[in-house]
Amino acid sequence: METNTTLAQVARLDADPADTHMVFGDARLTVKQAERLCWGLGSFRNPAAPLSKVLHHIGYYTLPTKVVNRMDAYRPKKIDPHRWARIRAFVEDSVATTAPQTIGATRTLLQTVAHYVQWAVFVQQFPLDGNVIWAKPIIDRYVTSEFLHLSEGTRRNYRSYLDRVRAAVRPQENDYQYTPQNRKSSVAPYTPAEIDEYREWAAFQTTPLKKDRAMMVMVFCTGAGLRVTELGALTHAHITRTDAGYQVEVIRGSFPRLVPLLAEWDEWLEVILERRPVGPALWGNANRTDGKNLVSSFTQYTEGQHPRADRLRNTWIVTHLINRVPIADLFYAAGVRKMEHLGRLIQHIPPLDAVDYQTIFRGEVTE
């Protein structure tokens, strides 16, 4: 049963007698009931609360046992326990309004909503008020924030999950239009001028460790196309020098491989190897166990406008596409079997001039 329909059906139960005349297409009672739910977020656990009658009818107290157990057991690993204690009831009530029926849906909603509410309350300093937290402009600010360091697909998923809750408790807010998610900008490589700016960003960090890590982000993501999850395991032993230049041995993940470093980053790599201790990981001790957050958890505390690691990797890919590196070799060096964004990356490659175009397609290219 859809949440809005349910709210409309139970509106009579908790509405004033004069308000119980319902007309097809008139959502005023649904909105009124949703406003009461929004106001009561965080108090649903109390069966004696004024909303008890309504909550029984929308199924809050009859959610599947497995769903209730999952909600009771959920403890977000990346949210401080004291912060979680403050927002937990609000998060659980917000998720409950969507009436999840499976453990998977419950887990996904809890994770998304918990981190969103934590951001809204403790980063943005908004009050723990459903009318504020579940306003469309606040959701929009969150999913478009550069500090999330998420792919556009993930941002769209987050927005969908959060808007599902918003629709249950604030159905009246339909005029606001979310910021469109630009697929092209999410994968666009950086221009040479932007790379120069990020070189300065790395060079002017305020502590030696921050400077080293910022340089590593630039060297290994832009110079060797490494994923964030592959960066944290590198040591001196994984960097080799041949007559042709430096190579980076990738050992973490499903695609172990050797990646030649772009020559323009040799000098920076040499500085890193000189500065970082031999033996431990070049990155040093990470504060997070999840490798996907290795760079984002670092860059959010750096000085100045920082780059996105995924776009640095795409810059490396486009550089080799422009240099006409054979696609099979590029896939090997990138550690992929297929490249979902290849079509959009190709748009950033300048076309050949007429002579080279003719020569290549006639098979007359010489070594």
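Before I start, when I say contact I mean heavy atoms within 4.5 Å. What you have above is a predicted model, in which local features need pLDDT of at least 70 and side-chain atom pairs count only at pLDDT 80 or more, while totals for chains, interfaces and linings use all residues. Residues are numbered from 1 along each chain as its sequence is written, and side-chain values use heavy atoms, with hydrogens and water left out.

Let me begin with Met218, which, leaving aside its neighbours within four places in sequence, is in contact with Ile195, Tyr198, Arg199, Trp201, Ala202, Gly223, Trp265, Trp268, Pro307 and Leu312. Met218 belongs, with Phe220, to the largest nonpolar core, where these two touch the most other members out of 51 residues. A nonpolar core here is a set of buried Ala, Val, Leu, Ile, Met, Phe, Trp, Tyr and Cys residues joined through side-chain atoms within 4.5 Å, and buried means under 20% relative accessible area, with exposed over 50% and partly exposed in between, for a 1.4 Å probe and protein chains only. Among the elements that give two or more residues to this core are α11 (192–203), α12 (208–222), β2 (245–250) and α16 (309–322), and the largest share, eight residues, comes from α12. Apart from this core lies another, of 38 residues, including Leu63, Ala96, Ile133 and Ile138.

On the fold as a whole, the protein has 19 helices and three strands, these being DSSP runs numbered from the N terminus (H or I, at least four residues, for helices; E, at least two, for strands). Buried residues make up 46% of the 367 residues.

Turning to α17, its buried residues are Leu330, Phe331, Ala333 and Ala334. Seen down the axis of α17, these fall within an arc of 165°, taken from the directions from the helix axis to the C-beta atoms, so they line one face of the helix. They pack against β3 (257–260), α16 and α18, and α17 is followed by Gly335, whose phi is positive, near 75°.

β2 and β3 pair over four bridges, and Val250 stands opposite Arg257 in β3.

Key
Two strands pair if DSSP finds at least two bridges between them.
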